[in-house]
Amino acid sequence: GPLGERPLLEVRLGELHTWISTCSCSPQGLLGAAHRAWSSYCAKYIHVKQGGTAGISMLLAGYCLLSYGWNYQHFKRHRWRKYH
């Protein structure tokens, strides 16, 4: 098919700059890309016939890492105050 309709994993390295230039960078285009990514994640890891806890545990681990990153400065200051 046309280069603009191919998913990222099917694009060759030499075609990458052309593929990126065909992508829509408007808010609606970015929102559509985020929706497609979320749908493919759900289809692969959450809505499976013989699924386990892999999809939910990846979301939980990602949330834990993200929240630790957001609160790192607070944790660092608390550690300094703890013994002084």
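Which residues make a nonpolar surface patch of about 310 Å²? Three residues make it: Trp38, Ile56 and Leu59. The model behind this answer is predicted.

Trp38 lies in helix H2. Its relative accessibility is 46%. Trp38 therefore counts as partly exposed, because that label covers values between 20% and 50%.

## The whole protein

Now step back to the overall fold. The protein has four helices and zero strands. Along the sequence, the pattern reads α-α-α-α.

How much of the protein is buried? Buried residues make up 10% of its 84 residues. The protein exposes about 7600 Å². Carbon and sulfur atoms supply 64% of that area.

## Helix H2

Helix H2 covers residues 27–46. It has 20 residues. From its first C-alpha to its last, H2 reaches 27 Å. That is close to the 28 Å expected at 1.5 Å a residue.

Which residues of H2 are buried? They are Gly29, Tyr41 and Cys42. Helix H3, residues 54–70, is included in what covers them.

Tyr45 is found in helix H2. Is Tyr45 buried, partly exposed or exposed? Its relative accessibility is 31%, so Tyr45 counts as partly exposed. Now leave aside the neighbours within four places in sequence. Tyr45 is then in contact with Gly55 and Met58. Take Met58 from this pair. Tyr45 and Met58 are 13 residues apart in sequence. In space, they are 9.2 Å apart, C-alpha to C-alpha.

Ala33 is found in helix H2 too. Its relative accessible area is 33%. Ala33 is therefore partly exposed. How far apart in space are Ala33 and Cys23? They are 9.4 Å apart, C-alpha to C-alpha. In sequence, Ala33 and Cys23 are ten residues apart.

## An annotated stretch

What does the UniProt record say about residues 54–72? The unreviewed entry gives them the annotation "transmembrane region". In the predicted model, this span is 95% helix and 0% strand. Its end C-alpha atoms lie 26 Å apart.

Helix H3 is residues 54–70. H3 is also part of what covers the buried residues of H2.

Conventions
Residues numbered from 1 in each chain as written. Predicted model: local features only at pLDDT ≥ 70, side-chain atom pairs only at ≥ 80, totals over all residues. Heavy atoms only, no water. Helix = DSSP H or I, 4+ residues; strand = E, 2+ residues; numbered from the N terminus. Buried < 20%, exposed > 50% of the residue type's maximum accessible area, 1.4 Å probe, protein only. Contact = heavy atoms within 4.5 Å. Patch = residues over 30% accessible without salt bridge, like charges linked within 9 Å, V, L, I, M, F, W, Y side chains within 5 Å. Areas by Shrake-Rupley, 256 points an atom, 1.4 Å probe, with all protein chains shown as cover. Salt bridge = Lys/Arg side-chain N within 4 Å of Asp/Glu carboxyl O. UniProt positions renumbered as here; feature names shortened; annotations may be inferred. Expected span 1.5 Å × (residues − 1).
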